[in-house]
2 protein chains.
Amino acid sequence: MTCSPGIITLDRIKELITPLDLCPLIEEGFTAYSRGEVVVPPVGELCFDTPPGDTHIKYGHVKGAEHFVIKIASGFYNNPGIGLPSNSGLMLVFSSRTGILDTILMDEGYLTDLRTALAGQIAARYLARPDIRTIGVLGTGIQARMQVEHLLPVTPCRNILVWGRTPEKAVRYQRDMQALGYSVQTAKTPADVAARADLIITTTPAEAPLLSAADIRPGTHITAMGSDTPAKQELDTGILEKADIVVADSISQCRTRGEISKALAEGYITKDRILELGRVIETSQGKEGRQPRSVRLSDSQITIADLTGVAVQDIQIATAVCRALKKTEGKPHE
Amino acid sequence: MTCSPGIITLDRIKELITPLDLCPLIEEGFTAYSRGEVVVPPVGELCFDTPPGDTHIKYGHVKGAEHFVIKIASGFYNNPGIGLPSNSGLMLVFSSRTGILDTILMDEGYLTDLRTALAGQIAARYLARPDIRTIGVLGTGIQARMQVEHLLPVTPCRNILVWGRTPEKAVRYQRDMQALGYSVQTAKTPADVAARADLIITTTPAEAPLLSAADIRPGTHITAMGSDTPAKQELDTGILEKADIVVADSISQCRTRGEISKALAEGYITKDRILELGRVIETSQGKEGRQPRSVRLSDSQITIADLTGVAVQDIQIATAVCRALKKTEGKPHE
């Protein structure tokens, strides 16, 4: 017997996913993950030098679920120079009963971008101060845009202070985001961003710290999502030492990747100081259903969410697309 | 810009690959791997209990090559009971310059089966006695067939002695292989196979030894290819202790998977006793090009090849398909 998987293009994926409220699904994914209900093996990785790029394979399954998901996502940072997007990728949805490929989501990295932006939204909801006056952004790429757009349900703040390594890109970012209704100023240095922003999103592939502990004011929340390999780093380890609350999307993953891995290796923080995002969500929601509120204890605490990207996010978003597809097809998905 | 990968179906893959002489390519892959010219990260793995199955992600790249390959292959051993093949899978070929997906080979596990059978052919060429009178086979599935068929360039022997856990399957195997011109007898036990066969191929997903050291006669070559996870085992560790030559397709992989991992863990062999297949090929070929001959020192030596399957085989076979495709298209593949 020959099995033909469904191949879903990016346009169709966007059609299917736009009406969905994905945030509760991603939150459920994080809480299930923190309860140990999700099998997430270590991230597979290939790194390239010339030109520089990295490919990540994230995969896993919610125990007992009908499907498992393998996601392949690449970042090749010189691509824009030849007219291609930096990020690309696809998600493969398989039957957990037969191992047979069910659906190929040719999302070209879009679902990864989306679930990453949603994780940022979730981190901001539970960690940032409610009265954000300025959103600081380091980087000018796709996540510098999507993270901000996905803060809309969390804060009415529309003021952005952006820093980019390439001034022209910062200006383009300013123009694009102003067209979406934001008030955008550019900063000369990352420290200038930190001097005014209450919520900072770091979205660069930097391999050396952009911000140091002295830059960070009381009350700041930082969502650090640029660093997802052992080599990348956006925050000086002293920032994590200074922070009151340090949250990882995955504690096991953050031991070897992202900002936390650096701070652990240098002894600036200890493992027992790290909270896992799923636990933070669960704590905040309490037992009476979903009543999101910040878990910070005061407006002066410094909070950090280190997001390296966890396969459970991919599983949740891919499953949501497949469910929506099944509904529109009006027939069983298997 | 939207990038559309080519999607190549199994029928087309078979058309493209049938005229090719793949063995030199696979041998080149193994020798490049043993010379350290291939990046092969640890195998990704998901294991399922109900029903039992495992999914392997094998991936890597030949340094400097234009493409890299990610292969996903599953074995769900209850599938035949519901009319589905046990093995399924696909290979994804990406550009090493941009990370963008170039070609999806929807091979449904066929290329994995083929490159596995070719590795068996290579192992037999360099390790088995030249005068094989009986080919012994444990197992009755696809590899029990393909391994034997791919011995044709290595030996004129057409006598098979087969053992299968399910007698009906052994009878079906006998009938099918007889139709291909083989003389096939069935054996009551694995030990009966070992008592008469000069070359034994073990192709089962067994998790406990089927053969013990006392079963193995001098001069026997064993290609053990069924065991590719830490849990699976077909040979008692004493067999590896007794063997004169123990070859791994990948020494690093065989430390944690396959027959060798068990023998190492129990102290029956030491790491310095293991030869890597790429080195064996290189030694045998010498400096005057390809003149294959067995590396065994006498007709009475016992030789074992433990094949867990290495990503370089997948890279080589996927690249071969893509090159053939490019030729037929008469235009640059990129």
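Predicted model: local features only at pLDDT ≥ 70, side-chain atom pairs only at ≥ 80, totals over all residues.

Student: By what turn can chain A be laid on chain B?

Tutor: The superposition of chain A on chain B has an RMSD of 0.0 Å and a shift of 0.0 Å along the axis. The two copies are thus related as by a two-fold rotation axis. The turn is 180°.

Student: Which residue of chain A comes closest to the rotation axis?

Tutor: The distance is taken at the C-alpha atom, and its value here is 3.5 Å. The residue of chain A that comes closest is Gly44(A).

Student: How do the residues of the side of chain A that touches chain B divide into nonpolar, polar and charged?

Tutor: The contact involves 35 residues of chain A and 35 residues of chain B. On the side of chain A, the elements giving two or more residues are strands E3 (44-48), E4 (53-62), E5 (67-76) and E6 (87-95) of chain A. Because 100% of the interface residues of chain A are also interface residues in chain B, the copies meet through the same surface. The residues of chain A on this side divide into 20 nonpolar, 12 polar and 3 charged.

Student: Which strands are the edge strands of the open sheet of 8 strands in chain B?

Tutor: The order of this sheet is E10-E9-E8-E11-E13-E17-E15-E16 in chain B, with parallel pairing. An edge strand pairs on one side only, and here these are E10 (183-186) and E16 (274-276) of chain B.

Student: Why is helix H9 of chain B largely enclosed by the rest of the structure?

Tutor: Helix H9(B) packs on the sheet, where it touches E13, E15, E16 and E17 of chain B. Its buried residues are Gly258(B), Glu259(B), Ile260(B), Ser261(B), Lys262(B) and Ala263(B). The helix is largely enclosed because the buried residues number 6 of the 8 in H9(B).

Student: Which residues have the most contacts inside the largest nonpolar core?

Tutor: This core has 202 residues. As an example from chain B, Leu105(B) is in contact, beyond its neighbours within four places in sequence, with residues including Ile8(B), Leu90(B) and Val321(B). Those with the most contacts inside the core are Leu105(A), Val247(A), Leu105(B) and Val247(B).

Terms used. Residues numbered from 1 in each chain as written. Chains lettered and ligands numbered in written order. Core = buried A, V, L, I, M, F, W, Y, C linked by C-beta atoms within 7 Å. Buried ≥ 20, exposed ≤ 12 C-beta atoms within 10 Å, placed from the backbone. Contact = placed C-beta atoms within 7 Å. Helix = DSSP H or I, 4+ residues; strand = E, 2+ residues; numbered from the N terminus. Nonpolar A, V, L, I, M, F, W, Y, C, P; charged D, E, K, R; others polar. Pairing = 2+ DSSP bridges. Axes fitted to C-alpha atoms, helices over the stretch in contact; angles between N-to-C directions. Least-squares fit on C-alpha atoms with pLDDT ≥ 70 in both.
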